[in-house]
Amino acid sequence: MITKQKGTYDIYGDLAKKRAYVDEILATLCEKYNYGYIETPVFEASELFHRGVGETTDMVQKETYDFKDRGDRDITLRPEGTAGVVRWFVENKLYGNMTDPIKVFYNMKMYRYERPQSGRNREFTQWGFECFGSDDVMSDAEVISLAYNAYRLLGLDDVTIKLNSLGDTESRNNYREALINYFRPHIDELCEDCKERLEKNPLRILDCKVDAESEIIKNAPKTLDYLNEESKNRFEKLKDMLDLMEINYEVDTKLVRGLDYYNHVVFEVVLNDSYALGGGGRYNGLVETLGGPSVPGVGFAMGYDRTILAMEENGVNIPINDSIDVYILYVSESEKETACYLTQDLRLNGFIAETDSMARSLKAQFKSVDRFNAKYLIVLNDSELESNKVTIKDNKTKQEESVNINDLLDYLDMHM
Ligand code: AMP
């Protein structure tokens, strides 16, 4: 037997219905914020993600699915959404004539070679939002508001936004220096990867998974102490705006996020202090890093699978339709022909209709009526059909009514 790959799962049945429900809510909300839908390819040139996400990040060093295709090209499966969207933005020169910010949202599968556990898979979905072209704190506030309200509309009312600022380039450089000076005397106590990170990218020591509980990391300098005046003011302004919009946030000075491209605001969405349900931030240098001009950007990615898990764990009522409208039963060949066109007619007129397609006995068909939880059933009968009539039965009240076949749709419209 060929089984699915570790860290992947099939989507069907109730889970498929739950996802469709969540998708609809999120798509409607994104439209209200005036974000347009985008989908980028599942595979891209490795260089895009390696350069975009950062060579020294765990994601690129340990988690990407990299391979050579048959044309000897270096290919990587998409591990996150932002780099591909930036590639699209640069490749289409959308920076050329920007009169308004360009705002897009996506719903895409991601691939990371991680140790699978609850809420952590190798193939998983992220919904994400990206906004290009504004460096104003207003667009930070908008993306955070979109993220926050997405969870709330899904019924996760108690989410908190964890918020931090890495500041502008000058602030980040000051902070980098401070980290190197702080960690250098302790470096022998940290893991091998952290030793390498010290000079290359000391910020990454802070989200080391091996040393996560180490006191040395816990006591490391905090970004907020190294922000210059401008970055500090900007962060204060953002907090004011979040207060105005009544967004529930907490400053978390330890938050740095695992990707290299962030500056100024970084944030995560958490519920009951459990793992992050999503994260984002500002990435003003990324468009330039990926070959475009200097265009600011800010975005967010929702861990969609985790969000649905959290909805289930927190008792959110996700409506799942587990019934059909009409089941049509028959015995003779001529009744079967009527069932054939009548079922299509009902389906095309908006009803969930089912009939027997396995040439089974009437008794077996009645069992299907129960299994599908049909609201109405129609047992076709040749002698009735001669006078254009069918008998429709309400499966709950067991009441029957004889209806002209041409009036059937009206009858159902009236009764459902
Ligand atoms: P990131 O792109 O790493 O910032 O992640 C954004 C969100 O995606 C996280 O907060 C998680 O909710 C979700 N996520 C990240 N990695 C995984 C994974 N391997 N499996 C499921 N969800 C994930």
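Student: What should I know about the model before reading any values?
Tutor: The model is predicted: local features need pLDDT of at least 70, side-chain atom pairs count only at pLDDT 80 or more, and totals for chains, interfaces and linings use all residues. Residues are numbered from 1 along each chain as its sequence is written, and side-chain values use heavy atoms, with hydrogens and water left out.

Student: How many residues surround the ligand?
Tutor: There are 15, each with a heavy atom within 4 Å of the ligand. Arg 112, Glu 114, Asn 121, Arg 257 and Ala 276 are the closest.

Student: And by class, what does the shell have?
Tutor: It has 5 nonpolar, 5 polar and 5 charged residues; here Ala, Val, Leu, Ile, Met, Phe, Trp, Tyr, Cys and Pro count as nonpolar, Asp, Glu, Lys and Arg as charged, and the others, Gly among them, as polar.

Student: Which ligand atom is 2.6 Å from the side chain of Glu 114?
Tutor: A nitrogen atom of the ligand lies at that distance from a side-chain N or O atom of Glu 114. For Arg 112, a polar side-chain atom is 2.7 Å from a ligand oxygen atom.

Student: How much of the ligand's accessible area does the protein cover?
Tutor: The protein covers 92% of the 480 Å² that the ligand has on its own, by the Shrake-Rupley method with a 1.4 Å probe.

Student: Changing topic, what does the C-alpha trace span?
Tutor: Along its principal axes the trace spans about 95 × 50 × 45 Å.

Terms used: Polar contact = N/O pair within 3.5 Å; in protein donor to acceptor, adjacent residues only side chain to side chain.
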